[in-house]
Amino acid sequence: MNIRVALAGNPNSGKTTLFNTLTGSNQFVGNWPGVTVERKTGKLRKHDDVEIVDLPGIYSLSPYTLEEVVARKFLIDEKPEVILNIIDGTNIERNLYLTTQLLELGIPLVLAINMADIVEKNGDIIKLEDLEKELNCPIVEISALKGSGIDEVTNKAIKLANLNQKPNKIFSQDINNILKDFENYLTDIPENEKYWYSIKLFERDEEVLKKLNLNQNQIDEIEEKLSALEDEYDDDTESIITDQRYDFIGKVLNNTYKKQNKGELTLSDKIDRVVTNRWLALPIFALVMFCVYFISVTTVGSWCTDFVNDGVFGDGFFFFGTGREAYEIALEDYDLAQTGIEAFDVAAQDQGLDPASAKTLVTSADLYDEEGNVEEIIPVTYQDYIDYLKVEEPDPSNYGLFIPGVPVLLQNWLESVHCAQWLQSLILDGIVAGVGAVLGFVPQIFVLFFLLAFLESCGYMARVAFVMDRIFRKFGLSGKSFIPMLIGTGCGVPGIMASRTIENERDRRMTIITTTFIPCSAKLPIIALIAGALLGGAWWVAPSAYLIGAFAIVTSGIILKKTKMFAGNPAPFVMELPAYHWPTLSTLFHSMWERGWSFIKKAGTIILLATILIWFLSNFGFENGHFGLVDMDNSILAGIGSLFSFIFIPLGWGTWQATVATITGLIAKENVVGTFGVLFGGFDEVSENGWQIWSNMQAFFTPISAFSFLIFNLLCAPCFAAIGAIRREMNSAKWTWFAIIYQCVFAYIISFIIYQIGSWFFGTGNVIGTIVALILLGLFVYLLFRSESREKPIENKIDLEIG
Amino acid sequence: MNLSTFLILIVLIAVVVLIIFKLILDKKKGKTNCGSNCSNCALSQTCHKKEELNDH
């Protein structure tokens, strides 16, 4: 017979970590509340007949939030055979509040006190046997993270399944009498569930009242009894129940729990005093995010990416670097010789001489640095020319164990089997160039995910949500909107989905519209490409992309909140801050791998198909009335791009190549880079700032137009998968179109302003464009600072009783 | 077209067909093509299950 074990507990008490340990699955674990919104199921390891159900974290069984509704519906309607209630041992008093409610359900319950290792470290003492007697349920101390106590707790849960469980009655006698009375109305309810239903009647739970379908007389009788009791207690029934629960918990803990450092600040509290400080919180967060992007894009990630681009998807690499230095010196000599030969040939040709006999000719050759600037001018005599001719191109395999790159190996193989030239072009210039361009950024993606996983696991991101609530609230958004944005740094789709936890429809819509402004992992290659290849590897580009995303969210929040459609107070946001802890390396690597692997899989599927299509469209077309292989400028793709490219001329990148890259980005954002890889053939190291790449690209972009291109692609409509998510969550075609149009128009205006005004710094300013940009900037500022919509906002009124 | 070109082309077409087939299969199973797979999602495939139900 199948046993269903429901994992229930407060948010961030470790349910999903325990679920992963029990089932061996890889569900996302985040050290902030609200990671699990819907329930998840999995089989217990080595027990095919035991199903574990991970419920969203809840504080009570009231039907006020989506998480509570999901959890309560499962516990009441589907009746699991046993509940495994996981509680945070470092915060036992508040966690037991839910336990008292779960014990009233009439379902067998095992209590797992999680973070037992931290409890022990803090010197706190929990008298397990006494607590078991008081709560009338088995208790096990566990550490879900370290895996201790897991077998014991599961064995106890399996043993307890299906046994009869009498509800715990913890209330005062007068209330228990009323509850007993109420049980008389519950003729259709099974005996062991009557107690819970009677409490819900006592609390005037609307969902339960609706479900029980009582007649008016019964409702009146109940109401009469409750009103009398409320007069007696001078409080509402829900508060009376809450008070008595906490009274019970207080009494139980007095006898069973001893906290070592009562009232003293913990290490987490001390850290929080700094990182959530009113003035320091935001600069610290900006600094942290700057470091994350600086490390992942500009430094460590960039070194790794250069290796992948130069080595794996370039000419090749030396095994462990042995021999590379000597090879590079030889290569420099060869390059110098080639430059000298070229200069001497040109000079001889200019004077109508044969270079082989121009013994008196002396000329000079320009040597360039990495950015294409002339670094040195050297004289070249006839004797130098003769010497240069003797310099042979160095063979890397003579200098050490040289492993050729994928394109080299493939090209050699294709040539050896006499593959047709057009197919070689498709494979090398299309697939390898396109997919390789995207895969080249995998190291940066992995470093970014590792750092984000660390921030999430250690507990810092929960603090950021808290800090952001304070700031978002000023701009009309709730702190609840930050969680979707946090998830959106990985991918916009789950980010948009996570907005479901926001009850207020206006806030939810606004969060959906703004979530994808935060750069997702797929946009990272665009950032890295522009930063590396077009902006000289500038350190500020990657962090600025993140900050511009945040700027877009905040300004959109202000602008939209001032319209009638979104007016109203943001929803309240309640969350607790988990204690800081060092995450295990395995957790970090696991999280990094899970997300990074998805990126790689996408490159091998959608991106690969897209590069084939782009190669085909960019190489075929009509020329002289015939369809066939044509010059790229006459291709179908050039035709399509040229149709729309005029739109982007005011943004500084109205070329068909950039237009096509933007359009293909709608399939998947990585396609922007993949498309560049295909269109600018011969790119074997798109993220490196070599001067040859720079000179290739500068025909299409200036630094300011490159930045404008980056901003537009970061802020415009997301990929189709995310648009689909927007459609599902908005549940309205009208609102989906509104979101897409708003994002595109917003992106266009910001890019336009940046390009037109920024062009003056490069001496290419346009008067009319600048005037329009200034008008738009003025309009933008007006929308930010104008007074609120005249429509009276929806307010959450709280009636206060004094006395 | 020589034999090697023909064979390489066949392999390439097979790869493309397999990818398309896999994408369709994933869509039917409710898997998404987003950058983070469903196990990284707060809603763990529930959204796609719903979509699948709507499709039928």
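Modeller: Buried means under 20% relative accessible area, exposed means over 50%, and partly exposed is in between (1.4 Å probe, protein chains only). Before we chat, note that this is a predicted model: local features need pLDDT of at least 70, side-chain atom pairs count only at pLDDT 80 or more, and totals for chains, interfaces and linings use all residues. Residues are numbered from 1 along each chain as its sequence is written, chains are lettered from A and ligands numbered from 1 in the order in which they are written, and side-chain values use heavy atoms, with hydrogens and water left out.

Biologist: Okay, is A:Glu203 buried or exposed?

Modeller: Its relative accessible area is 13%. The buried class covers anything under 20%, so A:Glu203 counts as buried.

Biologist: Which residue does A:Glu203 form a salt bridge with?

Modeller: A salt bridge is a side-chain nitrogen of Lys or Arg within 4 Å of a carboxyl oxygen of Asp or Glu. For A:Glu203, the closest N and O atoms of the pair are 2.7 Å apart.

Biologist: How many residues apart are A:Arg204 and A:Glu223?

Modeller: These two form a salt bridge, with the closest N and O atoms 2.7 Å apart. A:Arg204 sits in the loop between helix H8 (194-202) and helix H9 (206-212) of chain A, while A:Glu223 is in helix H10 (residues 216-233) of chain A. Helices here are DSSP runs (H or I, at least four residues), as strands are (E, at least two), numbered from the N terminus. So the pair links distant parts of the chain, and the gap is 19 residues.

Biologist: Which residue is linked with A:Arg204 and A:Glu223 in a network of salt bridges?

Modeller: A:Arg204 is partly exposed at 27% relative accessible area, and A:Glu223 is partly exposed at 32%. The network joins them to A:Glu230.

Biologist: How far apart in sequence are the parts that A:Arg463 and A:Asp272 tie together?

Modeller: Their salt bridge has its closest N and O atoms 2.7 Å apart. A:Arg463 lies in helix H20 (residues 460-474) of chain A and A:Asp272 in helix H12 (residues 267-275) of chain A. A:Arg463 is buried at 1% relative accessible area, and A:Asp272 counts as buried at 10%. The parts they tie together are 191 residues apart.

Biologist: Which residues does A:Ala347 touch, not counting residues up to four places away in sequence?

Modeller: A:Ala347 is in helix H15 (residues 324-350) of chain A, and it is buried at 11% relative accessible area. Touching means contact, with heavy atoms within 4.5 Å. The C-alpha atoms of A:Ala347 and A:Thr363 are separated by 6.6 Å, though the two are 16 residues apart along the chain. The residues touched are A:Leu361 and A:Thr363.

Biologist: What is the C-alpha to C-alpha distance between A:Pro190 and A:Gly106?

Modeller: A:Pro190 is in the loop between helix H7 (173-182) and H8 of chain A, and counts as partly exposed at 37% relative accessibility. In sequence, A:Pro190 and A:Gly106 are 84 residues apart. In space, the distance is 9.7 Å.

Biologist: Is B:Leu3 buried or exposed?

Modeller: B:Leu3 lies in helix H1 of chain B. Its relative accessibility is 62%, and the exposed class is anything over 50%. So B:Leu3 counts as exposed.
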